[in-house]
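Hello,

Here is the structure you will be working with. Please open it and keep it beside this email as you read.

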Amino acid sequence: MIWLDDTTGDLIIQSWTADEATVRQAQEVGSVPGHTTDVPAHESVIRLPANMLQFIPRSDSEGNGGNSGT
């Protein structure tokens, strides 16, 4: 499930928690310079299946697709 917070513009994503191999792969890819690749205890890495991309909400200016969570 994917929701768009209309107030903040944040995406709220519910999906499978990534397995350890996926987390390690993400850490190998890296992040922005100077940012650790460790996942803090209050964060999680999720795996969003490719077929779910069609449901990512877009603002009205980007087209009418997805689920705005309302």
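Below is what was found in it, from the whole chain down to single residues.

**Ground rules.** This is a predicted model: local features need pLDDT of at least 70, side-chain atom pairs count only at pLDDT 80 or more, and totals for chains, interfaces and linings use all residues. Residues are numbered from 1 along each chain as its sequence is written, and side-chain values use heavy atoms, with hydrogens and water left out.

**The whole chain.** Helices (H or I, at least four residues) and strands (E, at least two) are DSSP runs, numbered from the N terminus. How much of the chain is buried? Of its 70 residues, 11% count as buried. Buried means under 20% relative accessible area, exposed means over 50%, and partly exposed lies in between (1.4 Å probe, protein chains only). The accessible surface is about 5600 Å². Carbon and sulfur atoms make up 52% of that surface. These areas come from the Shrake-Rupley method with a 1.4 Å probe; for residues, only the protein chains shown count as cover.

Now the contacts (heavy atoms within 4.5 Å). Take those between residues at least 6 apart in sequence: 52% of them join residues at least 24 apart.

**The helix.** Thr-22 sits in helix H1, residues 20-29. Thr-22 is buried because its relative accessible area is 14%. Its side chain meets that of Arg-47 in a polar contact of 2.4 Å. A polar contact is a pair of N or O atoms within 3.5 Å; within protein, one must be able to donate a hydrogen and the other to accept it, and residues adjacent in sequence count only if both atoms are side-chain atoms.

Ala-26 is in helix H1 too. Ala-26 has 37% relative accessibility, so it counts as partly exposed. Ala-26 and Val-45 are 19 residues apart in sequence, and their C-alpha atoms are 8.8 Å apart.

**The loop at Gln-14.** Where is Gln-14? It lies in the loop between strand E2 (11-13) and strand E3 (16-17). Leaving out residues up to four places away in sequence, Gln-14 touches Met-1 and Trp-3. From Gln-14 to Arg-47 is 33 residues in sequence and 9.4 Å in space, C-alpha to C-alpha.

Pro-57 belongs to the segment after E4. Is Pro-57 buried or exposed? It is buried, because its relative accessible area is 8%. Pro-57 and Trp-3 are 54 residues apart along the chain, with 6.9 Å between their C-alpha atoms.

**Strand E4.** Ile-46 is in strand E4, residues 46-47. Ile-46 has a relative accessible area of 32%, so it is partly exposed.

Best wishes
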